[in-house]
Amino acid sequence: MHGPAIKLETDHAADKKSRLGIILFIFYILVYSGFVVIGLADPELMRVHIIGKQNLAIVYGFGLIILAIIMGFIYNAICTGMENRMNNKYREDKP
Amino acid sequence: MIYDVSIWAIIIFIAFVAMVLGLSFYFARKTKSASGYYAAGGQIHWGVNGIAFAGDYLSAASFLGICGMIAFSGYDGFLYSIGYLAGWVVALFIVAEPLKRLGKFTFTDALDARFNSKAIKLTASISTLVVSLFYLIPQMVGAGDLVVPLLGLPHWAGVVIVGSIVIFIVATAGMTSTTYVQFIKGALLIIFSTILTFYIFKNGLNLNPGEHYKEFTRLETIVEGNTIEGVTDPAYRIEDSYTVNNFHTFMKLDKEGIAHWFKLNDDSTYLEEVLSASIQADGTKLYNGAPKSEGRFRQVGHLTKIEFDGEEVDETGPLGPFKFLSTLENSEIVRFKKMEIKEANTTVWFQTPTSGKDMLIPGLLYKISTRAGATFWTKLNFVSLMLALFFGTSALPHILIRYYTVPSQRAARKSTIVAIAAIGFFYMLTLYMGLGASVNGVLDVESSNMSGPLLAKYFGVGLFSIISAIAFATVLGTVSGLIVASSGAIAHDFLDKFLNMKMDDRKKVKAGKLAAFCVGIFAIILGILFKGMNVSFLVGLAFSVAASANLPSILFLLFWDKTTARGIAWSIVTGILASVIIILLSPTMFEQYGLDRNLAPVPLDNPGIISIPLAVIVLIIASLLTQKDNVNKVENYHND
């Protein structure tokens, strides 16, 4: 049977991190789908100015990129907290 | 040739290649084990791996292809930037850590971790090869495109140079040297793209792109009745007239023995000069009536109107990133549309004034607005592209293997976040680089791929030299990664695991190197055969094949306990076949075959909307029908 390239430590936060990942993924896919739906249903809406004389296409497009970066940092911060808390707790509880 | 060779470009290029080879020599001495060759020993720092991810991902398609597509088709090129980056969200939130836990060297290892199935080993290794080859073709084509202006060599020479260097890099040191080449290249690409974008802002917008920029000739017509008898300039004589698609009229005029092509305007009052490439009876190609070396065929792209703070101006001076976009939105850009005049064996590119408002929304390339003639199929094509870009990233084998070069799940996650930040920042720059190229008279209508480097040349030969060398290194790095992935599929997945050849560590590395050599030779041949194809389009297809063949298996393996080995294998086969068959029967491929695109049996260019759901359905049905296979499945794989 295969295994990782190097021996990995047991990760007791894996399930919780996985659930958080799915929630954030669903949130992002909804925002991404919004962009596609506007493009299909009412592409003229993309011309409307939203912020600082920039049209919706520019704001939404840049927004999707920036949102991915911000969500990445948030996800990492929460996951790191979970790992520290749950894996340390396991080590302390171990007889 | 419409751009001259620069000695600085050659020097910097050689310095880059020497550095890359030196790095390979250095790491070759350290690479002795299979783990070192395929996964860099699993000891790369997450920060280095993150930027190396960016290096892997920002391939010829991103720098050359996207910038070119934005320059020629506006916001539609930026859709690729948005989709390519969004794909990393799937990688980060869903795939990164579980895949790190499951795998050893390759993507096949991860899929097979719970099953130990021959069917998975075979189909996943084939899938890795197919996707890698689809991805390799545009990289090699891009390499050939780059050396033409950079070194003054023919296209095939560029392909051979890249292929040879990459075979050397991969066959000497494998994943370690590939990682550091990607790290350096990724970092330099982002730094110098930022500098290029700064130049664009400093330059602002200008009606006159520079002294080198030649105005297009306009001739008034002499009309008698409904017939055009001639033009007011006596130096020109009308030779022939052709109407294309019952709408556009092009005329061939003679001046001092040289053929000039013009387009008749809508009310027949004047003729406007176009760019032309004509194939003569003896097979030679004339550009604007003369050999290309005479320089009559020129770089194009300019503004005809700039509205700055409510007033029409000739130039704006330096602009900030937001002011640049809002000013461009109120300006008018001249794009160039391509048309074939088959009766005259001539291709023409004619001026198409386009409102900045249209440049900055989707629709010039992908018809999604009913007003612009969108149909059900053009809209479906748009959805299909966005779907493939979103789900393709985390299914690319050369990206997935990078998760095995770091020491832990946490490092895998962190390196993905570094990659998202670096790649996201770069993709925001692509909009400015593409738009900057479209208005500064630098576009080569025959090769949209060169828009970014040629824009750099507009700001100075030094910047051009560095950017071109980095672009070349971009191709080198990405091809290296793809060949490592392919050699892993052949040597590790197929020979060692599927055929059970029981190789020791030393033999595994040797087999990997031999496989890298063979794939490299094959890639060189494909790169020469596919000359002239659009780089971004080809990469889009690689994403579609990856998303169809690999992603359903990855997601269902992680999130559906009833998934079986045969379900995965059938899903991979279905994904590959469905996506490749749809691509081969698509309108764009029919054009490549020299046939009428309207005759294509499948009206879609991007197969994802059909092939991804099909692969999912097959996986579910096949898994439900083969539940008894799961009796021997390895449980608790999470933390073994």
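Let me start with a term: a crossing is called left-handed if the near helix is turned anticlockwise from the far one by less than a right angle, and right-handed if clockwise. We will need that in a moment.

First, some housekeeping, everyone. This is a predicted model, in which local features need pLDDT of at least 70 and side-chain atom pairs count only at pLDDT 80 or more, while totals for chains, interfaces and linings use all residues. Residues are numbered from 1 along each chain as its sequence is written, and chains are lettered from A and ligands numbered from 1 in the order in which they are written.

Now to the helix pair. Helix α1 (residues 14-41) of chain A packs against helix α5 (residues 75-102) of chain B at about 165 degrees, and their axes are 9 Å apart. Helices here are DSSP runs of H or I with at least four residues, strands are runs of E with at least two, and both are numbered from the N terminus. Axes are lines fitted to C-alpha atoms, for helices over the stretch in contact, with angles from 0 to 180 degrees between N-to-C directions. That angle makes α1(A) roughly antiparallel to α5(B); the classes are under 35 degrees for roughly parallel, over 145 for roughly antiparallel, 65 to 115 for roughly perpendicular, and oblique for the rest. And here is our opening term: α1(A) and α5(B) cross in the left-handed sense.

Who makes the contact? On α1(A) the residues are A:K17, A:G21, A:L24, A:F25, A:Y28 and A:Y32, and on α5(B) they are B:A86, B:V89, B:V90, B:F93, B:I94 and B:E97. Contact means that C-beta atoms, placed from the backbone, lie within 7 Å. By class, this gives 9 nonpolar, 1 polar and 2 charged residues. Nonpolar covers Ala, Val, Leu, Ile, Met, Phe, Trp, Tyr, Cys and Pro; charged covers Asp, Glu, Lys and Arg; the others, Gly among them, are polar.

Zooming out, the contact between the chains takes 56 residues from chain B and 41 residues from chain A. Which element gives the largest share of the chain B side? That is α5(B), with 13 residues. The chain B side divides into 32 nonpolar, 12 polar and 12 charged residues.

Next, the sheets of chain B. One is an open sheet of 6 strands in the order β2-β1-β6-β5-β4-β3, paired antiparallel. Pairing requires at least two DSSP bridges between two strands. Its edge strands are β2 (227-231) and β3 (237-244), each pairing on one side only. The twist averages 35 degrees from one strand to the next.

Another open sheet of 6 strands runs β8-β7-β12-β11-β9-β10, again with antiparallel pairing. β8 (285-287) and β10 (311-313) each have a single partner strand, so one side of each is left without a neighbour in the sheet. Here the twist averages 25 degrees from one strand to the next.

β11(B) and β12(B) share 10 bridges in the antiparallel sense and form a hairpin with 4 residues between them, where B:N345 in the turn has a positive phi of about 50 degrees.

Finally, confidence. pLDDT is the predictor's confidence in each residue, from 0 to 100. Chain A has a mean of 84, with 83% of its residues at 70 or more. Residues 1-5 of chain A fall below 50, and this stretch has 17 contacts in the model beyond near neighbours in sequence.

Notes: Two residues are in contact if their C-beta atoms, placed from the backbone, lie within 7 Å.
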